[in-house]
Structures are given as C-alpha cells and as structure tokens.
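Here is a short briefing to read alongside the structure. Take a moment to look through the chains before going on to the notes.

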Amino acid sequence: MSKAEILGNIRRGLGRGEPNATQRAAAESRLAAKDNNLIPKRALLPQAEQVQLFKDMAIEAAAEIIELASIAEVPMAASEWLHKANIQELITASSPELKALDWSALGDIQLSERVGQVGDMASITSSFAGIAETGTLMLHSSSDSPTTLNFLPDVHMVVLHASTIVGPYEDAWKQLRTAHNGVMPRTVNMITGPSRSADIEQKLQMGAHGPRTLVILLIND
Amino acid sequence: MQIKSPEFKENARIALQDVGLQKALGNLKAGFPVKRAAAVERMPEFEDLRDQARDLKNHILENLDIYLEQFESKVVENGGHVHWARTSEDACKTILDICQQVGAKTVTKGKSMVSEEVNLNEYLEKNGIEPVETDLGEYILQLREDHPSHIIAPAIHLNLEDVSEAFHKHHHRPKSDDPAVLMQEAREMLRKKFVAADVGITGANFCVAETGSTIIVTNEGNGDLTQTLPKTHIVITSIEKVVPTLEDMTLFQRLLARSATGQEFTVYNTLSTGPRREGDQDGPENFHVVLVDNGRSEMVGTELQDMLRCIRCSACMNHCPVYGAVGGHSYGWVYPGPMGSVLTPQMIGIENAGLLPNASTFCGKCESVCPVRIPLPKLMRHWRENEFEKHLSPKAVRYGISGWGFFAKRPALYRWVSRSSAWFMKKMAGKKGRINKLPLAGGWTDWRDMPAPEGQTFMDQWKQGKR
Ligand code: SF4
C-alpha cells in the first residue's frame, strides 16, 4: 500500500510512470560502473607515503601505533602493553593469522577466543585494510571475527599489515568486492581512533561507549 | 513531540532571556564553525566535492524510484526486510509490530532524527515497550524528558549543571561536575541496557542501492552496540537517503564529518547488510529497514525538491545567526535552523510552521556552507510566498506588502510617497540620525534603532546619475 503510494508520488513528481528501459539506463549504468567520484590528491600518493600518511592521521585521531617487523612479534608487543596497563586478560578473534601465533609471551595474561562480553578489558583482532587519507581501519564481520570484539572491550588491539594500506576509501571498496564476490559481510566497520563524545558542553571526552584505547599493531611487511 | 512552532515568537523571546541557554549556545558558536573552517582548509578539493555532491544528489532524485527499488531488492537478497511507511503512524505501527512479533520488552536506540520525526518513543511507551536512548546526548534528554535542540548535538542547549543534576537524580550517585565522570556513569548504566535489549533501533545516514547496506556514522560507538547485541536490528530511515554505489556514498562521507563537527572522519562509519551470516559468532538474527516518506515524495518535482539533497550535517544551523540567538527549541518541532525552516512546513503544515521561514535574516550563510548547496534562503522565500498566497501571514505583513504593491505599480505616487517619507523619517530622527520608534515597525525598533535615510531617495539619485 504505502510502497505503491510513495513510488506513485515520486513518479508523478518526475513526470513519468514506471520507468522504461531507456529511462532506467542512467541509473543502471551508474550501478554497474561503480565509478570513482573525485578523489582528493592526498589519497593518491605512492605506497610508502601512504603508510606514513596513515600513521600521521591515525595518531591525530588518537590511536596508538606500535610498529613491528613481523606478525610473530605480536604476542610480545601485546604482552608488554597489557602488563604496563595492568590488564590480566586478552580476548582474541579466531582469524587464522592470530590462531597460528605462539602466545606464550603473554605469560600470566589469560588468553581466550570468543565473542566480546560486557566487562572485557582487552581484545585483539585482524583487519581487512587501512585507509591512509584519514587513518581509518576497515574491519568486517565473519565467522572468525565477531563484531562485539571491536566495541565492548576497553582496549581494542588491531593487527594491520602495511601492505594492506590503501590511499582512498574507494580502493578498499574495490578490494572488499573482490574478496567477497560482491556480497557485503553483515557488518563493515570503518574505525578512526577510539570512541569519544562531546555531548556535554561540547567538550571532547574519550571513551564513550566503545573502546577507550585503540592500539594498532602495524606490521611493516 | 508536541508542535510548538506557531509560538515561535514567544519561544524566541523567552530564549533570548534564558541565561543558561545563551551560555550553552556560546559553546556552539565557538566550536563547530571554527572546526569546520579548519577542516575545509585542509581539503583543497572541498568546493569541487560540494559540486559533485549536489549533482549526484540531483541525479539520485531524478531516479529515486529506481534506486529505492534496487535497494529493497538487495536488502531482501541478503536476508533482510524492507517496510515502506507513508506516514509517521505507518512507521510507528510497523516497528511496534516487529517488536511485538519478537516479544520485545525493551529496545535500545541509536541516534535517529527520523525516529524523533515520527515520535517513535512515545508510541512504543504507550504500547508497553521501553525505548532506551543510548547516544549520550539523547540519553541525557530522555532522563530529563526533553527533546533534541540540534540534529547532531542534541543536548547542546544544556550546561554541565543540568547533566549533573539529571544523573544525580536518576543514577542515585554522588553529584559530580566532571564531564569524564558523568560519561563514565552513563557508560556503566547503559552497558546493562545494551545486553538486556530485545531489539536495537538505529537510523541510517545513507542506504546503498548496490549492496542493500545501511550506514551509521557515530563517534561514541553506541549505535554499534545497539545494532550488534540484540536479536533484531531495525533501521528507521527516510526515502531520500538512498545512494547508488559504495563509491557514491564515499563522496558524501568525505563531506559529512567535515561539514558537521569539522572532523576529518567520524570515528565509526558502520555498514549493515542483512542479518548475521551462517557461521558468524554474533550480530542480529533479523534485519529490518523502515523507509519513511512523511511528505518527502510530494517534494519531488516541486521547487522543494532541492531540500531532499540534505545530508543532515547541521552546518546550516551551526552558522545561522537566528539559530545561534534563539536555539533549536524555539523552532518548536524536530528540525531547527534553516533546514528545519524549509522542512517543517512540509511535514506539519505551513499553517503551523508559517513563522519559521520568516525567522531568517537572509544573510545567506547557510547556503554558503551547505555541502550539497541547497539554496536555503530561496526555499524559505518559497514558503513565505506560499504562506502569503494562502493568506496565512499576519495582517500587518499582508497589508504592508500589498500596500507596497499598490504603490509600486504607480511610479509617480511611489516616488512622492518615498520622498516624503524620507523627509518625515529624517525629521523624526533629529540630530542623532537614529529613529527609536517607527509606526508599524515596533518589532524592529523595540530592539534596535532604525538609521534615518540620508538625503535623497534611491530613485532620485539614480536619475541624477549617481550610479
Ligand atoms: S541543509 Fe545543507 S547544511 Fe543544512 S543540514 Fe542539510 S546538508 Fe547540512
């Protein structure tokens, strides 16, 4: 009922009935082409400069970055960070690269593999890409990456491979399409720094409902 | 929400004398416009992006039915449901039905202006379902039984003391005047609610036709918890939010945060497509999108069509001298500022909202910052004319303008009248050159002096070649 009325109103306003093939052509070719619109110059730098831009922008957005030479160094880096923060647990996503690691460097910190729960202190997940233009991480849900790990814990650690850093958002969309045959995962998270709010007197406070701290473990591969 | 737009003048008068409100509005003026300017400065392509965004929105509106149907088919393909709601009542009823089907007792809500527009909270409460606002600003307002006064900073009219008072009363904890402590309190209180909720309701900034995705843009992460933890995720949004592809959405993403808060990018930009997939360890099992019309489809093909380009960034109100002086509540309904002055008459009727398009100095600041270049002053003028034709404007205005029309059509008489009024006004002003009382212009001279005309009329000078 509503649908017919709404579409009827729109078509009346546009001065036509149901669109015929010719009238559909412009919209359909746009949907098929998936062309880029204007991409700012800052997002079109060579790869090495993109990595630097990513780091600068992520730090500006209040993320912490720890640079590592290989993924094998992740458990030790996580252990040091968590010990310093006096955090006793780490919840890990089930991604193959994280499961393959030797976590013995964690020592007395307890590692569990599950979804996020209220009260969790720290989580670690993989990522799909980094986007240099604003220092943004792209993560998505899957059987080995529960979305709750990105939002419930106080501290979110994210493993990012420098090789997956792209300049503009558009490049990440194209890679996502290729990786998933054009079907979007249930959730795609673009994350730029830790949670915050300025709802009280326009004064910025960090750590509203999401993680208070975002630690990017950047693997320079 | 009760409509208080007809009392705009009285609302504004009270607002101008409200010390607390004036203090709070000071935070706004010192914040958003400065931050926006800095963000624009860092993006040399900003003006070109605005042109492209305007053109793309126009293309979308010319093909709106096609993109909406494409979006619907993609949502369904991914296992979700789309509901079309012609009116507020339709939208509320649809959402209540879904809630009742899953036996919901409480629902958490991310920030959504469309849900304010359809008055969803009140409807759910009346039907025995508890809605819990989770955006910090909206949460504060809900505790105070208050309404947003700004589309992205809903509690901008409040000061720290107000928040502190409300939390003390509802959380039963010692009073604090540290914003960090208050936020921590809200975080703890809402954790329990997030987990207990049966349904999560969010809005959407855009709906992507290519993939059937909706996107929310937030800094807090409350929208993400709202839509990830409960079994059912309902998106309430409106028909003009559809965009063709992910690349097209990105064009607007680049403009939205910069125009709104002056951030390079908002912390969380989250896309939702259908319910959780086989093997996913979390996420909602049901996904519904409610597409609200509420007068929008009738704007297509009219002069008001340009207003459908709006991406709800709030730049127009952040830069508006009228909004900055009287605040959002004076406008008397959900959407304040210049965008509200254009939209509100369409949604609640010009007979209720006729004063809003008049609440403008026509300084043009709103249009100059609007990321999709909506000609807001022109659209306000459209409503003023419409109101005039319907004979809804106050008598003084109508007689004034039609009086002017009478003289304008009689040039000789016009010249004589204006020349003698110039003489008359100069006499009234005396040596000061200022007039502090003018017949028929009390609304103006109560607040400021009218400068007296100097010398000859414009037409006299024109004739003498002073161009
Ligand atoms: S009218 Fe323009 S400036 Fe105002 S909220 Fe909409 S998009 Fe932003």
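This is a predicted model: local features need pLDDT of at least 70, side-chain atom pairs count only at pLDDT 80 or more; totals for chains, interfaces and linings use all residues.

Chain B holds 22 helices and 12 strands, and 58% of its 467 residues are buried. Over all chains, the count of salt bridges comes to 44.

**Chain B as a whole**
- Among the contacts in chain B with a separation of 6 or more, 73% are between residues 24 or more positions apart.

**A helix pair between the chains**
- Helix H1 of chain A (residues 2-14) meets helix H4 of chain B (residues 64-77), with axes that come within 9 Å and cross at roughly 150°.
- The cut-off for roughly antiparallel is an angle over 145 degrees, and H1(A) and H4(B) are therefore roughly antiparallel to each other.
- On the H1(A) side, the contact is made by A:Lys3, A:Leu7, A:Ile10, A:Arg11 and A:Leu14.
- On the H4(B) side, the contact is made by B:Leu64, B:Asp65, B:Leu68, B:Glu69 and B:Glu72.
- Sorted by class, this contact has five nonpolar and five charged residues, and no polar ones.
- A network of salt bridges links A:Lys3, A:Arg11 and A:Arg16 with B:Asp65, B:Glu69 and B:Glu72.

- B:Glu264 and A:Arg42 join their side chains in a salt bridge, at 2.7 Å from N to O.
- In this pair, B:Glu264 sits in the loop between helix H12 (246-260) and strand S9 (268-272) of chain B, while A:Arg42 sits in the loop between helix H2 (21-33) and helix H3 (47-60) of chain A.
- Both B:Glu264 and A:Arg42 are buried.
- B:Arg42 and A:Glu60 also form a salt bridge through their side chains, at 2.8 Å from N to O.
- This pair joins two chains, because B:Arg42 lies in the loop between helix H2 (19-41) and helix H3 (46-62) of chain B and A:Glu60 lies in helix H3 of chain A.
- B:Arg42 is partly exposed, at a relative accessible area of 38%, and A:Glu60 is also partly exposed, at 47% relative accessibility.
- A:Glu133 and B:Arg254 meet side chain to side chain in a salt bridge of 2.7 Å, N to O.
- A:Glu133 belongs to the loop between strand S5 (129-131) and strand S6 (136-140) of chain A, and its partner B:Arg254 to helix H12 of chain B, with the pair crossing between chains.
- A:Glu133 counts as buried, with 0% relative accessibility, and B:Arg254 is buried with a relative accessible area of 0%.

**The ligand and its shell**
- There are 14 residues around the ligand, and those that come nearest are B:Cys310, B:Cys313, B:Ser314, B:Cys316 and B:Cys370.
- By class, the shell around the ligand consists of 12 nonpolar residues, one polar residue and one charged residue.

**A closer look at B:Leu308**
- B:Leu308 is found in the loop between strand S10 (286-292) and helix H13 (315-318) of chain B.
- With a relative accessible area of 3%, B:Leu308 falls under the 20% cut-off and is therefore buried.
- Apart from neighbours within four places in sequence, B:Leu308 has contacts with B:Lys57, B:Leu61, B:Glu240, B:Arg296, B:Met299 and B:Val300.
- B:Leu308 and B:His288 are 20 residues apart in sequence, and their C-alpha atoms are 23 Å apart in space.

Conventions:
Residues are numbered from 1 along each chain as its sequence is written. Chains are lettered from A and ligands numbered from 1 in the order in which they are written. Side-chain values use heavy atoms; hydrogens and water are left out. Axes are lines fitted to C-alpha atoms, for helices over the stretch in contact, and angles run from 0 to 180 degrees between N-to-C directions. Helices (H or I, at least four residues) and strands (E, at least two) are DSSP runs, numbered from the N terminus. Angles under 35 degrees count as roughly parallel, over 145 as roughly antiparallel, 65 to 115 as roughly perpendicular and the rest as oblique. Contact means heavy atoms within 4.5 Å. Ala, Val, Leu, Ile, Met, Phe, Trp, Tyr, Cys and Pro count as nonpolar, Asp, Glu, Lys and Arg as charged, and the others, Gly among them, as polar. A residue is near a molecule or strand if one of its heavy atoms lies within 4 Å of it. A salt bridge is a side-chain nitrogen of Lys or Arg within 4 Å of a carboxyl oxygen of Asp or Glu. Buried means under 20% relative accessible area, exposed over 50%, partly exposed in between (1.4 Å probe, protein chains only).
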